[in-house]
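Take a look at the sequence and the model first.

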Amino acid sequence: MTPDEIEGAVAAGLPQAVEDLKRLVAIPSVAFPGHPEEPVFAAAAVTEELLRSTGLPHVQQIPVEGSFPAVYAEAPAPPGAPTVLLYAHYDVQPAGDPALWRTPAFEPTEINGAIHGRGAADDKSGVITHVAALRAFRGRFPVGVKVIVEGQEEYAGERLEAFIERNPELVRADAIVVADTGNPRVGDS
């Protein structure tokens, strides 16, 4: 694909990406003690579904001891091409005092073209950024792709660290793209 074709594919996929982000933001996937676990597992399932929609040939949830599952996906590298690892997480911080929110935390609300809600930036937008970029290639990736999206970065992230130490082949790559931050200012990248 040419850069113009990639840009066109991303632009064409943007409305779906926005809907996918709203769907994820609506899931209260708070992985902290005292919060229900079902929504966290629901966010893992939706993440798995979204990664399947990209054309990646291998997508699965992998148990992480003492934590929620990691969603892992992979496509082999074409001959001579490097492998890129994409990282994000689907869990979020607790919403805190509802009175401090301008809109309900788990009701994604679009204001002036921006989606507001818990996790809309950190880090469900990271999940959707990876998904939208992968969809643009329609399953014909120019590099090897590995994706790991975890469910407990906001609380007890060291559990993923231990998981990776036991499974280093899952994250072995030539480059890593970490989607776990918002832009400091609109327009910055």
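What follows goes from the overall build down to one strand and its neighbours.

## The overall build

Keep in mind that this is a predicted model. The protein has four helices and seven strands. Reading from the N terminus, the order is α-α-β-β-β-β-β-α-β-α-β. The radius of gyration comes out at 16 Å, close to the 16 Å that the globule rule gives for 189 residues, so the protein is as compact as a globular protein of that length. Along the principal axes, the C-alpha atoms fill a box of roughly 55 × 40 × 25 Å.

Among contacts with a separation of 6 or more, 73% are between residues 24 or more positions apart.

Of the 189 residues, 40% count as buried. The protein exposes about 9,900 Å², and carbon and sulfur atoms supply 55% of that area.

As for charge, there are 14 positive and 27 negative side chains. The centres of those two sets sit 4 Å apart.

Now zoom in on strand β2, which covers residues 70-75. Five of its six residues are buried, so β2 is largely enclosed by the rest of the structure.

Which strands pair with β2? One is β1 (residues 58-62), which runs antiparallel to β2 over five bridges; here Ile 62 stands opposite Ala 70 of β2. Another is β6 (residues 144-150), also antiparallel to β2 over five bridges. In that pairing, Glu 74 has Lys 146 of β6 as its bridge partner.

Technical notes. Residues are numbered from 1 along each chain as its sequence is written. This is a predicted model: local features need pLDDT of at least 70, side-chain atom pairs count only at pLDDT 80 or more; totals for chains, interfaces and linings use all residues. Side-chain values use heavy atoms; hydrogens and water are left out. Helices (H or I, at least four residues) and strands (E, at least two) are DSSP runs, numbered from the N terminus. The radius of gyration is taken over C-alpha atoms; the globule rule is 2.2 Å times the number of residues to the power 0.38. Buried means under 20% relative accessible area, exposed over 50%, partly exposed in between (1.4 Å probe, protein chains only). Contact means heavy atoms within 4.5 Å. Accessible areas come from the Shrake-Rupley method with a 1.4 Å probe; for residues, only the protein chains shown count as cover. Lys and Arg count as positive and Asp and Glu as negative; His and the chain ends are not counted. The place of a charge is taken as NZ of Lys, CZ of Arg, CG of Asp or CD of Glu. Two strands pair if DSSP finds at least two bridges between them.
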